[in-house]
Number of protein chains: 2
Amino acid sequence: MSAQPTDTQPSRPRIRDAEATKGRILDAAKKEFARNGLEGARVDAIALEANANKRMIYHYFESKEKLFQTVLENAYFDIRESEKKLELDSLDPREALERLVRFTWNYYIQNPEFISLVNSENLAQARHLKTSEPVKIVSRRFVGLVDTILKRGVSEGIFRSGIDPVQLNITIAAVSYYYFTNQYTGSIIFERDLMSESAQAERIRFNIDTILRIVCL
Amino acid sequence: MSAQPTDTQPSRPRIRDAEATKGRILDAAKKEFARNGLEGARVDAIALEANANKRMIYHYFESKEKLFQTVLENAYFDIRESEKKLELDSLDPREALERLVRFTWNYYIQNPEFISLVNSENLAQARHLKTSEPVKIVSRRFVGLVDTILKRGVSEGIFRSGIDPVQLNITIAAVSYYYFTNQYTGSIIFERDLMSESAQAERIRFNIDTILRIVCL
DNA sequence: TACCAAAGTAACCAATCGGTGCAAAAAGGG
DNA sequence: CCCTTTTTGCACCGATTGGTTACTTTGGTA
């Protein structure tokens, strides 16, 4: 054993950086809320993980609930921002739809916290999102995405008309979201490792096929 | 203020009925776990709701976790039992599939606790279900259901071959499950009341259409 | 360099949580 | 009618929780 007091650097010059501290708290909170849910998350655990003092959480974010709200809003901003970078208008409608399905799948894989946060928010009956005007604003653009693809497909004569873009949007999310959020109970009930490489490859193909079958003539 | 010690009947004759007490606790626990999640649920609240003493919960179910496990297992037994009553073999494959999609939808409506309990279990990485052999057993029959319909449809020349029954099973659940579990955030993001009568009717039609498009030639 | 708002810390608190010890009350067999 | 077993009630506990009080340290700047 050494005489050093902790496993951090012995006499860290302690840099003051409010933005960095806020960022570390948000990152830690996202992890903790995703892993344990809104009720299960521990403020002390967030402070520890963020390498920050618990008092700073209340200094910057007021309460556990407000912290969750901020984490959740940021999560929505992030996914909508990523979607904007897809440039689906340059692709033909079928390819645009396939890319959107793939994007949704990959986003959930790379950001597993997103699904868990949304689940927590729905258990809370969306009480944090209700008051968030910014999230509503960024969501509008997102709904328009599928609508545009659908209209283009119809005018090109490859998609059938009369499809509700909201229903399609929901279904695109559903077939991937459900697979991930229920991966643990699913792997038991179907007696198959749903998260193996081969199972994942199989599922994404099935999902693309499903969505294209909905829209094509 | 009256002199009565509590708000229960002053000298209730106290009937001994272990099974009834257990049942009331399980009902109350199901509601409480569904509403607040595994971590958010309060044992005192369950006791109050069940009109039973908290001590009885630990007498009959040992711990909060074990109580949750029992509630969850019962929920799975119930849905699988209901599915058995569908008699899908007497219908032609297309109708059988439609009935199964409708059943899944209606079951989620009539048993909203089921979805919430499954969500909680997945947040807990299915640690309660892992050790439950009975749930695995009743699940096998369930997977076989869709497989049988699919095979019949192929031999009758109305379904295409090569469809993985597990993928189809997952998709049937997904398109309804996702709609309900995300009803609160969904209603905000799509700026539409997803739970209105008309919205529900629209969704179930869309779901039946989706599933039939997957299997039909 | 003296000053002071901003950033960070440690110790603490009241409330609440899951879980228990213990014994009274009620049923049922002899 | 007694006595064992099951069912019930109440008070209580140690641990943990979200949140706070009071304080020190830092770094830009007048």
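Biologist: Why is B:F33 called buried?

Modeller: Buried means under 20% relative accessible area, exposed over 50%, partly exposed in between (1.4 Å probe, protein chains only). B:F33 has a relative accessible area of 0%, so B:F33 is buried. This is a predicted model, where local features need pLDDT of at least 70 and side-chain atom pairs count only at pLDDT 80 or more, while totals for chains, interfaces and linings use all residues. Residues are numbered from 1 along each chain as written, chains are lettered from A and ligands numbered from 1 in written order, and side-chain values use heavy atoms, without hydrogens and water.

Biologist: What makes α1(A) roughly perpendicular to α4(A)?

Modeller: The axes of α1 (residues 18–40) and α4 (residues 64–84) of chain A come within 10 Å and cross at roughly 105°. Axes are lines fitted to C-alpha atoms, for helices over the stretch in contact, with angles from 0 to 180 degrees between N-to-C directions. Under 35 degrees is roughly parallel, over 145 roughly antiparallel, 65 to 115 roughly perpendicular, the rest oblique. Therefore α1(A) is roughly perpendicular to α4(A).

Biologist: Which residues of α1(A) make the contact?

Modeller: A:I25, A:L26, A:A29, A:K30, A:F33, A:L38 and A:E39.

Biologist: Why is the pair of A:Y108 and A:F114 called stacked?

Modeller: Rings of Phe, Tyr and Trp (its six-membered ring) pair if their centres lie within 6.5 Å; planes under 30 degrees apart are stacked, over 60 edge-to-face, the rest tilted. The centres of A:Y108 and A:F114 are 6.3 Å apart and the planes are at 15°, so the pair is stacked. Both A:Y108 and A:F114 are buried.

Biologist: What are the values for the edge-to-face pair of B:Y76 and B:F114?

Modeller: The centres are 5.5 Å apart, with 75° between the planes. B:Y76 sits in helix α4 of chain B and B:F114 in helix α6 (residues 112–123) of chain B, 38 residues apart. B:Y76 and B:F114 are both buried.

Conventions: Helix = DSSP H or I, 4+ residues; strand = E, 2+ residues; numbered from the N terminus. Contact = heavy atoms within 4.5 Å.
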